[in-house]
Amino acid sequence: MKAAPSPFRAQPSHKEEFEFVEPQDLCQSFQAQRHVALNQTTRRQDDKGRYVMTKVDVAIVGAGIMGLAHAIHAARAGLSVAVFDRSAEANGASVRNFGMLAVVAQAPGAQLASARRALGLWQEIALQAGISMHRAGCLFLARASQEMQVLEECAALNKDNGHALELLTKSKLPDYADNLNHDALLGGLWSPDAWKVDQRQASSRIADWLRREHGVTFHFNVSVHGVTSGTVETSAGTFRAGHTIMCGGDEFGTLLPDAFRASGVTRCQLQMLRTPVQPEGWRLKPFILGGLSMTRYSLFASCPSLAALKAYQEAYYAEHLKHGIHVIACQEADGSITIGDSHAYGDAADAAPSNEIDRLIMSDLAGMITLPDATIADRWIGRYAHLLGTDALTLAPEQGVCAVTMTNGQGMTHAFAVAEGVIRDLAG
Ligand SMILES: Cc1cc2nc3c(=O)[nH]c(=O)nc-3n(C[C@H](O)[C@H](O)[C@H](O)COP(=O)(O)OP(=O)(O)OC[C@H]3O[C@@H](n4cnc5c(N)ncnc54)[C@H](O)[C@@H]3O)c2cc1C
């Protein structure tokens, strides 16, 4: 069967014609396809110089961290992999976040185990792919007695469950970060379990490494507009795949809209800020978080005084709560400080950026720490999928097709572990 010539925008210099092999061997059984040689690409030239499409074991839609995580595990399982992304490079939540591997924020049990497993994989992959990653640690600061009470309970409750928390008195705080607003602070909670990866370089470096070391094929600037068992319809023509995994982040409208709608998943919009490079090499070592994070993170969910803290916040932080603000600050490798964030769900997830949100975030941060340069040099919006009470949503509408979406806002922390499970199930 011959398809019409199709522009292949990723490499526009080639004149291409797609020729499809017959579909009789399509998707017999995923297991049976594991023999496909590593380094097989999705396209090769025949003896007349025409491009011929070959089938891959796994096609992945989306080159964000979830798509890349699936590509890594599939390639490691010996499967041939092609990744499609409509952008010239990953451009979604995966390059718009804090780069926080937030092991500390997880509830003990399955969530914590997933974050720890993913961290181990990050350490391996960052080394091989050349991604900047370091243990920054995480400092929760208390300014109100209700916050201090929650920190004390959290430290007591999480003694022997895999967390490594240390309650800090006010006098200890300067050992952990400079420029803290000491007079306003009552104490803190320290955890070494927060790692900072360079989120702006991670996706592209992982893609380069996968291409180089694992023979994964990347089709950037290619939109996928239809997926059925065995075929992937794209703006560059139809591709064939034994299994297709959709990792489109918060993009639900194009592919499987009905299945996504039925799942109840929605979108969340976050507003983020960045300062200029801080002067004179000033360093902020840990992630800094305050009371507003205590009422958001699973780590604190079982603290008896959480309800009292919520009531306090409703009385004194109504404007912050209205915009779903909790404040995190961390330093990038270049010395700038990334600060966030607000949360707007559902229909509100397409709102314009707001100066009021900037003001609320920066004023709350200023109550905890004085940055040498708190000018806002950059601001952006990021979006992720959200489904209350669910960490990762997997939809499998037909044989050979699935969609895997992080729905807890922590894809950087969990993607490598979630994808490992998906590929293990797939490849047997
Ligand atoms: C502001 C912000 C801060 C965050 N901070 C953290 C943090 O510090 N730590 C943490 O663990 N998590 C954090 N998260 C969550 C984390 O970033 C996300 O869970 C994760 O990046 C989701 O990855 P993804 O690959 O599913 O989606 P994305 O990164 O959004 O990637 C989806 C990709 O799919 C492509 N795509 C979609 N549809 C199609 C199609 N039809 N055809 C072709 N391509 C398509 C898009 O172009 C995009 O590149 C944050 C998120 C945001 C928004």
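Strand β15 (residues 237-246) is largely enclosed by the rest of the structure, because 9 of its 10 residues are buried. The model is predicted.

**Partners of strand β15**

- Strand β4 (residues 56-61) runs parallel to β15, and 5 bridges join the two.
- Within this pairing, Ile60 stands opposite Ile245 of β15.
- Strand β23 (residues 401-406) also pairs with β15 in the parallel sense, over 3 bridges.
- Strand β14 (residues 231-234) runs antiparallel to β15 and is joined to it by 4 bridges.
- Thr231 has Arg240 of β15 as its bridge partner.

**Packing of helices α1 and α10**

- Helix α1 (residues 65-76) packs against helix α10 (residues 411-427) at an angle of about 40°, and their axes are 8 Å apart.
- That angle makes α1 oblique to α10.
- The two helices, α1 and α10, cross in a right-handed sense.
- On the α1 side, the contact is made by Ile65, Met66, Ala69, His70, His73 and Ala74.
- On the α10 side, Gly411, Met412, Ala415, Phe416, Ala419, Glu420, Val422 and Ile423 make the contact.
- Sorted by class, the residues in the contact of α1 with α10 are 10 nonpolar, 3 polar and 1 charged.

Conventions:
Residues are numbered from 1 along each chain as its sequence is written. This is a predicted model: local features need pLDDT of at least 70, side-chain atom pairs count only at pLDDT 80 or more; totals for chains, interfaces and linings use all residues. Axes are lines fitted to C-alpha atoms, for helices over the stretch in contact, and angles run from 0 to 180 degrees between N-to-C directions. Angles under 35 degrees count as roughly parallel, over 145 as roughly antiparallel, 65 to 115 as roughly perpendicular and the rest as oblique. A crossing is left-handed if the near helix is turned anticlockwise from the far one by less than a right angle, and right-handed if clockwise. Two residues are in contact if their C-beta atoms, placed from the backbone, lie within 7 Å. Ala, Val, Leu, Ile, Met, Phe, Trp, Tyr, Cys and Pro count as nonpolar, Asp, Glu, Lys and Arg as charged, and the others, Gly among them, as polar. A residue is buried if 20 or more other C-beta atoms lie within 10 Å of its own, exposed if 12 or fewer, and partly exposed in between; C-beta atoms are placed from the backbone. Two strands pair if DSSP finds at least two bridges between them.
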